[in-house]
Amino acid sequence: MIDQDRAAATGWAAEVLADPTAVVLDTETTGLWGAVMVEIAMVSSSRDVLLDTLVNPQREIPEDVTAIHGITDDMVRDAPTFAELLPQIEQHLTGRRVVIYNARFDTGIIGTELCRLWHGPDAHRECGGLLQAQECQGQRDDWISRVPARIECAMEQHAAWFGDWHVTGGTTPGSRCAVATARPATASP
């Protein structure tokens with residue numbers, strides 16, 4: 001089974017690298033839970049850097065998180081906010097095949113940033129009530145359905161290569177991988 005998984009992961013990687021619509025996206029954040037973005041980068045399959053910038057999170061970055069990624073409050077103080085970067089982000093993602101290592105996490109961060117844009121910077125710090133959460137989810141779903149052509153999780157392929165994940169069988173015991181696509185992958189347009 002692992003040989004088949006490795007062959008499939010290798011084929012997927014070759015397909016991504018050959019796809020001129022593919023873009024790899026990564027973010028850095030203020031943590032894992034209740035986190036917001038402090039950096040975003042996007043690189044095309046032809047290795048063109050489309051965007052690589054710090055993001056002003058409009059809140060402090062915890063010291064333990066700074067110890068991991070090295071991004072400090074001083075570094076992001078004059079950086080653009082997510083709202084200021086959104087037109088560029090949309091320009092680079094619209095109609096593209098977006099590959100993210102941990103797609104569930106990074107699409108969640110983008111969703112949080114969209115909600116903060118629509119409902120204020122403290123929207124995810126305090127409970128905005130069920131109505132706001134439902135409205136926000138609808139707005140995020142709309143954004144995801146109209147911007148990237150598809151979102152794929154590279155972590156699934158990485159785990160398949162190492163024998164930690166079987167797409168048809170789910171996670172193995174102790175595996176941190178999960179189905180992480182915002183939408184199912186479809187054929188390239």
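These legends describe a predicted model of one protein chain, first as a whole and then in close-up. Residues are numbered from 1 along each chain as its sequence is written, and side-chain values use heavy atoms, with hydrogens and water left out. Local features need pLDDT of at least 70 and side-chain atom pairs count only at pLDDT 80 or more, while totals for chains, interfaces and linings use all residues.

View 1. Helices (H or I, at least four residues) and strands (E, at least two) are DSSP runs, numbered from the N terminus. From that end, the order is α-β-β-β-α-α-α-β-α-α-β-α-β-β. Of the 189 residues, 42% count as buried. Buried means under 20% relative accessible area, exposed over 50%, and partly exposed in between (1.4 Å probe, protein chains only). Among contacts (heavy atoms within 4.5 Å) between residues at least 6 apart in sequence, 63% join residues at least 24 apart.

**View 2. Strand E5 is covered on both faces.** E5 spans residues 150-153. Arg150 and Glu152 lie on one side, Ile151 and Cys153 on the other, and all are buried. In a regular strand the side chains alternate between the two faces of the sheet. E5 pairs with strand E4 (residues 97-100) in the parallel sense, over 4 bridges. Two strands pair if DSSP finds at least two bridges between them. Ile100 stands opposite Cys153 in E5.

**View 3. The largest nonpolar core has 25 residues.** A nonpolar core is a set of buried Ala, Val, Leu, Ile, Met, Phe, Trp, Tyr and Cys residues joined through side-chain atoms within 4.5 Å. Those with the most contacts inside this one are Leu25, Ile40, Met42, Phe82, Ile89, Leu93 and Trp143. Elements giving two or more residues include strand E1 (22-29), helix H5 (103-119) and helix H6 (129-146). Helix H4 gives the most, with 5 residues. A second, separate core of 6 residues includes Ile61, Val65, Ile71 and Val76.

**View 4. Trp143 and its contacts.** Neighbours within four places in sequence are left aside here. Trp143 is in contact with Leu86, Glu90, Leu93, Ile110, Leu114 and Pro148.

**View 5. Arg47 and Gln58 have positive phi values.** Arg47 lies in the loop between strand E2 (37-44) and strand E3 (49-54). Its phi is near 75°, in a residue other than glycine. Arg47 counts as exposed, because its relative accessibility is 74%. Gln58 lies in the loop between E3 and helix H2 (63-69). Its phi is about 60°, and Gln58 is not a glycine either. At 47% relative accessibility, Gln58 counts as partly exposed.
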